[in-house]
Amino acid sequence: MHVASTLRVSPSPRRAAAALRLLAVVAITMLVACGGGERAPRAGTFRGAPAPVPLPKPSIVLTDTDGRPYDFRRETAGKLTLLFFGYTHCPDVCPVHFANLAAVMRTLPSSVAERLAVVFVTVDPDRDTPDVIRAWLDGFDPRFVGLRGPAADIAAFESALSLAPSTVSVDPATGDTLVAHSGAMLVFPDDRLRLLYPFGTRQDDWARDLPRLLDAQWPVDTAGAARFDVPPVTSGDLRISGAVIPAPAGRAMAAAYFTIDNQGTVADTLRGVEAPTLGGAGMLHETARQAGGTMTMRGVADVVVPAGGRVRLEPGGLHVMLPSSEATLAPGGTVPLLLTFARGGRVAVPARVVRYEDLPVVP
Amino acid sequence: MQWWCSASAAPWTWGWQAFPGVWAVVTLAAWGTWRVRGLGLGELATPEPRWRGWAAWSAVLLLWLTLDWPVGPLGAGYLASVHAVQFLMLGMIIPTLALVGVPTGAWERLARRRGLVRGIGVLTHPFRAMLLFTAVMVFTHQPWLVDVLMASQWGSFALDASWLVSGLVFAWSLTAPVPARPRFLPLLQVAYVFAGTIAHVFIGMWFLVADYPIFATYELSPPFPGLTARADQQWAGGIFLLVGTPLVLAAMTVLFFRWIGTGAEPEAV
């Protein structure tokens, strides 16, 4: 079939040269593109976000899918632990997280994979029976551990990790069960929470980070204040130990933590704390979780130390707020604190300034 | 209600969804086909082969099936393999069918509009068309672009439109007699088809051998029962290679044997 037309298009050398340049760009793009879709982070960093506070692994006991008690801290000791709070009816976040993790674990050498512990804790124990959890996890990887327990225990577990409590409710309009839960995978390379991997973490993120998490040199912690060369202070029946101040790192206020043991037979009361070198008195505070899951801090007038008892001032609980100073609160330094007790009088306690990640594990 | 299919965070269900933008585009394509065929057929003194009509209306039907539910949303947000099918349809099959379905009389009417033909000639020059088609194919399979475009309706529309337009541009010089290209010999056409589509082989192999899912859109979408993200991507690679390559080979074979059958006379399909 011919169509009469006198119109023709004639190429020109200039157009040909421009076309060749475009072809070169396309070819280079193809070569670059076919190198893969990896997004390279800066050297030495992980794709997960650092935990605001490297909280210790809680010693919480739940029940695994075989009906056996499972002490989270003891069972995962020595392993790179990945912990997730979710539910099996989850349509997206939970299955995507576990599918991606399982896919990557299948590519890891067995010598690496066996050093991992992946723990799933259901926040919907009514629907997630042990059999349901096991079947769901087996769809990803039979090595994954599934835990369930009373709602109060789950809430305590989440609270110990400073997570907002999960909620399970029923939509009155549709009858659908609505579950709100943390969508992040909590990673414990050692005995502390170090990194959080949010939903959106991809397989190549895990592939890159998991082996490095196993090999990374995290601060090694030993028990108590001895690590920081700050010996405990004894005054009468009172023994104050483990006094540390995390370096404020630009924050306006710093916090001081320590442990008070009352070895006497009469209770005493901590009335105040001063930091003369920081130019002011400290304020006793307590962090608490409200009904809606938000964390609040309230002032505390004093702290009672019962006879024969112990009171810990620690992250997430009781603590002393102090005015901060970058110059005097550099890691490695020592800040003298003056504790005032109702019966024990004034006790001078040296507090070591440490990095947040070096906060000692509280046994 | 969405007007065009794009990535969604909602789990996939087989519940029907309306996409009015798709209906508008398909309606426009159907009207255009009816109008062109009506004008073209009115010009003719002799009957047109029936297969042209079948080709034209098949293009409209396939356009609707490719863009509308369920293929549209599946490809836009859940399955890379369906997305691969959409590319082959929008980029290769539908444009070819649409162009071969144009009646001879319509081409004759077009030929009388010299300014328009000149412009079409510039746009569809084989070298330029080949580069455009290749560039669109390569760029629209880059994860950094796909993940951004698929997240929005306009982006997804742009992606689909780029495939359709580049496919029309690419197929034009092979199937349309206007403008005439007497020096675009059949053997050159065979080389043109090969060079213009070879990128799909590399893309298919990339999908097939990649260790991990390439596109966040599909990797992070609510899982499709029974299919992992990587397996789905490998299916996409397989579709590129095992469906796309035969299509290309078939086109090259037709052109080659047409050249054999008609000698050296340049002739449009």
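**Close-up views of a predicted chain A**

**View 1. Parallel strands S4 and S5.** In this predicted model, A:Gly86 has A:Thr122 of S5(A) as its bridge partner. Strand S4 (residues 80-86) and strand S5 (residues 116-122) of chain A run parallel and are joined by 7 bridges. Strands are DSSP runs of E with at least two residues, helices are runs of H or I with at least four, and both are numbered from the N terminus.

**View 2. Helix H3 on the sheet.** Helix H3 (residues 93-105) of chain A packs on the sheet and touches S4, S5, strand S9 (185-188) and strand S10 (195-197). Contact means heavy atoms within 4.5 Å. The direction of H3 makes about 155° with that of S4(A); axes are lines fitted to C-alpha atoms, for helices over the stretch in contact, and angles run from 0 to 180 degrees between N-to-C directions.

View 3. In chain A, 8 strands form an open sheet with mixed pairing, in the order S1-S10-S9-S4-S5-S6-S2-S3. Two strands pair if DSSP finds at least two bridges between them. Strand S1 (49-50) and strand S3 (69-71) of chain A each have a single partner strand, so one side of each lacks a neighbour in the sheet.

**View 4. Helix H5 across two strands.** Helix H5 (residues 130-138) of chain A lies across S5 and strand S6 (145-148), at about 155° to S6(A).

**Notes.** Residues are numbered from 1 along each chain as its sequence is written, and chains are lettered from A in the order in which they are written. Local features need pLDDT of at least 70, and side-chain values use heavy atoms, without hydrogens and water.

Technical notes:
Predicted model: local features only at pLDDT ≥ 70, side-chain atom pairs only at ≥ 80, totals over all residues.
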